[in-house]
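Here is a short briefing on one protein model. Keep the structure in view as you read.

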Amino acid sequence: MTKEHFYITTPIYYVNAAPHLGTAYTTIAADCVARFQRMNGKDVRFVTGSDEHGQKIADTAAKNGTTPIEWCDSQIPAFKDAWEMLDITYSEFVRTSSKAQEKSVQKLWQDLYDRGYLYKGSYEGWYCVHEETYYAESDLEKDEEGNFVCPECKRPVQKASGEENWFFKLSDFQEKLLEYYETHPDFILPVTRKNEIVSFVKSGLKDLSISRSTFDWGVPFTFDEGHVAYVWADALIAYLTGIGFADEARLDEFNNFWPANYHFVGKDITRFHCVIWPAMLMAAGLPIPEHVFGHGFLLTKGEKMSKSKGNALSPKELVNIFGVDAYRYYFMSDVQFGADGSISIERMCQVYNADLANTWGNLVSRVTNMTKKYFDFKVPQPSSDAINNPMAEMTSKTCQTFIDCMDAVDFSGATKAAMELAHRANLYIEESEPWTLAKDESKAQQLADVIYNTLEAIRLIALMLAPFCTRTSVEASRRIGAASPFEVEDLKSSLVWGQLKAGSSVEIGDALFPRLEEDKILAVED
Ligand code: MSP
């Protein structure tokens, strides 16, 4: 049977700075979806990469006394290492400096040239190198001395007067885009982002300069080799390269996986993805991705967290303190995907202790220890009506909520569902008092039911937490004698009550999430 195809992407990140919590955030979110969809039995492609061309990178390389390609080569390991450390299961890492990307970029723009969507003109506006974005004078802001600055990053902008560029007839697509948004209401998510884009497009689209002739760090156009592609006219095409566009040998793969199901991006770059990108695809006669999800910003002390502002913590520092699973869990559960969210080490400690140590880790430890004590490390046989119990009743609803949330990329909702089941299981233990049942021979079956039910709850919670807590979910499943969550082929049918096999061996082990002392961790931060 052929598997259903699923394709998700992260932005391809600039390599002028090392990966930080912000870039890790999008990447982890995409990884959670990729894992969830694989657990659903789908054939998944998950593309990330590095955006290496353009003036910003050329300037950074020059500042570091090196060439652009040497600079990029030196930065790539930091990204690949970070993604490995965070258990990111991408299928392809596209570097825009690669041969495959060059072929894609040249193919797409040659095609648009042939179709008459490009013309040569002179560009009279302004350019912000940091944002790699063109601005009309009316879009700019002024600093205290009256100089024009970028409306986004407030840095000085450069005047590009009379630079000869190739232009893409973006203005031809204004009506087509508006019609597309109307007929595909889920294309731009969440809805708040959609409203912003619609009013931006309604206010009028200008043609887009897509080439630079003033420097050569980029992909040269085949129809005019003196021009290299503007960095965004290059970067977006990485989404096609990652699944084999312009590669004869990967034609089937491309046809199977395009259009993408999701582009995950931060809200800072939704315009590029929701306006320029679909217009380019329409011009090329290629289908448009199903969804662009523009998530919010992580804020530290109320400010957008970014390397250039110097308020970016390194993922490694946090992983060292909390571990990968807790890192992923915290960012996915505590920040509503789509909205801005404040993050702090204090809050991370609280979530770690409340959810992972005291609720989930504690449940696994209690139940495996009781299985050892009362049933000699074996999953007990439940009575035939064990299905009629408070845990089973709650489970079907909770599992459905989990699936619905994951389908809607509502990670906080999904983790909350898993945690509710863990809370309920802990409460069920308190209510049924296995330690009292164990003292009474006539209650042996009741005791077996309680232990079975809580072990089974652990199996289900581990499945639900697996996209987030990639390691401890496997370990918890192993300890109760269940299959690894990543080996299931159909998550929905695995999330049905009663599949843990009686007689399987149970193991005890170290705490999955040892309790952290907040004071000590905050002292480390200072
Ligand atoms: N190279 C472009 C993207 C090209 S995609 C075809 C780019 N790169 S970037 O390195 O600046 O990465 C921007 C992305 O990083 C954001 O869209 C978002 O996904 C992530 N984040 C960077 N800072 C962030 C926060 N403070 N909070 C959340 N995510 C943010 O733009």
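**A sheet, a helix pair and an aromatic pair**

An open sheet is built from 3 strands in the order E13-E15-E14, with antiparallel pairing. Its edge strands are E13 (211-212) and E14 (220-221), and each pairs on one side only. This is a predicted model: local features need pLDDT of at least 70, side-chain atom pairs count only at pLDDT 80 or more, and totals for chains, interfaces and linings use all residues. Residues are numbered from 1 along each chain as its sequence is written, and side-chain values use heavy atoms, leaving out hydrogens and water.

**Sheet**
- Strands are DSSP runs of E with at least two residues, and helices are runs of H or I with at least four, numbered from the N terminus.
- Two strands pair if DSSP finds at least two bridges between them.
- E14 and strand E15 (residues 224-229) run antiparallel and are joined by 2 bridges.
- Proline 220 has valine 228 in E15 as its bridge partner.

**Helix pair**
- Helix H11 (residues 315-322) packs against helix H12 (residues 324-334) at an angle of about 115 degrees, with axes 7 Å apart.
- Axes are lines fitted to C-alpha atoms over the stretch in contact, and angles run from 0 to 180 degrees between N-to-C directions.
- In H11, Pro315, Leu318, Val319 and Phe322 meet Val324, Ala326, Tyr327 and Phe331 in H12 (contact means heavy atoms within 4.5 Å).

**Aromatic pairs**
- Rings of Phe, Tyr and Trp (its six-membered ring) pair if their centres lie within 6.5 Å; planes under 30 degrees apart count as stacked, over 60 as edge-to-face and the rest as tilted.
- The count by this rule is 38 aromatic pairs.
- Tyrosine 7 and tryptophan 258 form an edge-to-face pair, 6.2 Å centre to centre, with 65 degrees between the planes.
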